[in-house]
Amino acid sequence: MTWEPEVLEIQRRIELAKEMGGADNVVRQHDGGKLTVRERIAGLVDPGTFAETGALAGKAEYDEQGNLAAFRPANFVAGFAKIDGRRVVVGGDDFTVRGGAADASIGGKQVYAEKMARELRMPIIRLVDGTGGGGSVRTQGNQGHTYIPANPGWDTIVEMMSEVPVIAAAMGSVAGLGAARVVTAHWSIMVKDTSQVFVAGPPVVAAGMNETVTKEDLGGWEIHYRNGVVDNLAETEEDAFRQIRQFLSYLPSNVWEQPARAAPTDDPNRREESLLSAVPKNRRRPYKVRQILGAVLDTDSFFEIGAGWGQSLVAGFGRLDGFPVGVIANDPYFYGGGLTADGSEKMARFIDLCDTFHLPCVNFLDQPGFVIGTWGEKAATIRKGASAMTAVFQATVPWVTIVVRRAYGVAGAAHANTAKLNLRYAWPSADWGSLPLEGGIEAAFKRDLANSPDPDALRAELMERLGAVRAPIRTAHAFGIEHMIDPRETRPILCEWVHQAYAIAAHSLGKKSRGFRP
């Protein structure tokens, strides 16, 4: 006598679970331009590494003789896998079973996946293609009662945001709790034209707000990639998997470890001649900041985050001599690089991300100040800007600032924690002060200009006289800036700095005293 019959029955039921919602529903999923959850997991992780947890979870029905008559698997698939050789937890909704609705799942399965990631200290990737957490009104009718809403396991989800990388991808129409699972992550992505994210779908919106909209008009990428609900946009599901793998490559498995250094493939002493002329001498002319980043960072290592919103601020990961670093820069093509309300939110969130996972930060500074005018005031720019400044001053990771051009006003003062060492290197194109001369003269000499018989001549005279004072080398004479450098020296300087930065950061691993807020 052996247990082989029971083992074979286990295998048979696992194979039934792999049929998901049945052939017809799988075809419907494919016809909608989407992969199934199992195809998604296979496309994301290293081949052959997925080890499923709870493969037998589902609803079984038996005949009078006790034989299995029907089996509907739970519509959430999760388990361990590897990405680039590193262990992760991956979990995804199965839209082929009841449209990924939570009431078709098995209680605790999603939460168990989150606990696996947190307690085993490994990253988690959520492939979200489902809806709310409490089921439909049909479910409530079958139960015969309703309930006060609660989100099971949300304490785990909140705590793990301060401990392990959390990545979320909206893979279809995601509503309610599904939407909350997408945004409660360190980084999120949606797929162009096949993903939508909303608090409630079109039928509920029509009934509650008397507004008739399509899914795309309500929660498509044109909305949520532009407003920062999701960080990145994928052209296809395969592109989403590629971006997930790349994002994860810059982070450690948890906050008790340092990010892994990639094998260096670029000369740390490379000096790019293009940097000498990258910033125009005409202060009113913009330049392409991403070209500067490409010239300084390891070749092709910059991974931008949140390019669709807060566009006056560029943020993302890069590498210096193989070491991952956080990078922020100002883009003069948008509001002159001035810090907007959206840019401030983006900046605060990104700095918190780097600080949580101990990534040293490089700030390529060209900050003319907070965006002014009625539009800036209505957007609560100063409130959100103060939050960004707080994030800078609370960050404890090693930090270096490259003053590319401007540093003006309160926003310019937030280029680093100026109460600390404040390591800075300025290019000869640097330009700083409390106010730009162009506007500052009008404010400081308003009465003189009004009383002058030739205000234009006086204005020109003041510009010439005060313009000489603004020369950055004069600030260096007063030790107001520590280093004035040839822009071509930037990469060698940063590649030397990053080795020391990682040595210093190694002594402060672990959780931060403040939690990460998504």
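Before the details, a word on the source. The model is predicted: local features need pLDDT of at least 70, side-chain atom pairs count only at pLDDT 80 or more, and totals for chains, interfaces and linings use all residues. Residues are numbered from 1 along each chain as its sequence is written, and side-chain values use heavy atoms, with hydrogens and water left out.

I'll start with the whole chain. Its C-alpha trace spans about 105 × 55 × 40 Å along the principal axes. The secondary structure comes to 21 helices and 18 strands; helices (H or I, at least four residues) and strands (E, at least two) are DSSP runs, numbered from the N terminus. Of the 518 residues, 50% count as buried. Buried means under 20% relative accessible area, exposed means over 50%, and partly exposed is in between, with a 1.4 Å probe and protein chains only. The chain exposes about 24300 Å², and carbon and sulfur atoms supply 55% of that. These areas come from the Shrake-Rupley method with a 1.4 Å probe; for residues, only the protein chains shown count as cover. Among contacts with a separation of 6 or more, 74% are between residues 24 or more positions apart. Contact here means heavy atoms within 4.5 Å.

Next, some individual elements. Strand β2, residues 58–62, and strand β3, residues 68–73, pair in the antiparallel sense over five bridges; two strands pair if DSSP finds at least two bridges between them. Glycine 58 has proline 73 in β3 as its bridge partner. The two strands form a hairpin with five residues between them, and in the turn glycine 66 has a positive phi of about 85°.

Helix α4 covers residues 109–119 and includes glutamate 119. Glutamate 114 is also placed in helix α4. Which of these glutamates is buried? Glutamate 114 is, because its relative accessible area is 7%. Glutamate 119 counts as exposed because its relative accessibility is 62%. Leaving aside neighbours within four places in sequence, glutamate 114 is in contact with Ile124, Arg126, Thr156, Ile157 and Met160. Glutamate 119 is 44 residues from glutamate 163 in sequence, and their C-alpha atoms are 9.6 Å apart in space.

Helix α11 has 13 residues, 237–249, and reaches 19 Å from first to last C-alpha, close to the expected 18 Å. The expected span is 1.5 Å times one less than the number of residues.

Helix α21, residues 490–505, has 16 residues and should span 22 Å; its end C-alpha atoms are 22 Å apart, so the two agree. Among its buried residues are Arg491, Trp497 and Tyr502. What do the buried residues of α21 pack against? They pack against α12, β13, β14, β15, β16 and β17.

On the surface, Tyr333, Phe334, Tyr335 and Trp375 form a nonpolar patch with about 460 Å² of accessible area together. Patches are made of residues with over 30% relative accessible area and no salt bridge; like charges are joined within 9 Å, and nonpolar side chains (Val, Leu, Ile, Met, Phe, Trp, Tyr) within 5 Å. Tyrosine 333 lies in the loop between β14 and α13, and is partly exposed at 47%.

Last, the salt bridges. Side chains of opposite charge can pair when their charged atoms come close. A salt bridge is a side-chain nitrogen of Lys or Arg within 4 Å of a carboxyl oxygen of Asp or Glu, and a search of the whole structure finds 34.

Aspartate 431 and arginine 283 meet in one, at 3.2 Å, N to O. This pair links distant parts of the chain, with aspartate 431 in strand β18 and arginine 283 in the loop between α11 and α12, 148 residues apart. Aspartate 431 is buried at 2%, whereas arginine 283 is partly exposed at 39%.

Aspartate 355 forms a salt bridge with lysine 512, with the closest N and O atoms 3.3 Å apart. Here too the pair links distant parts: helix α13 and the segment after α21, 157 residues apart. Aspartate 355 is buried at 1%, and lysine 512 is buried at 15%.

Salt bridges that share partners also join Asp266, Arg270, Glu272, Asp298 and Arg491 into one network. Within that group, aspartate 266 and arginine 270 meet at 2.6 Å, N to O.
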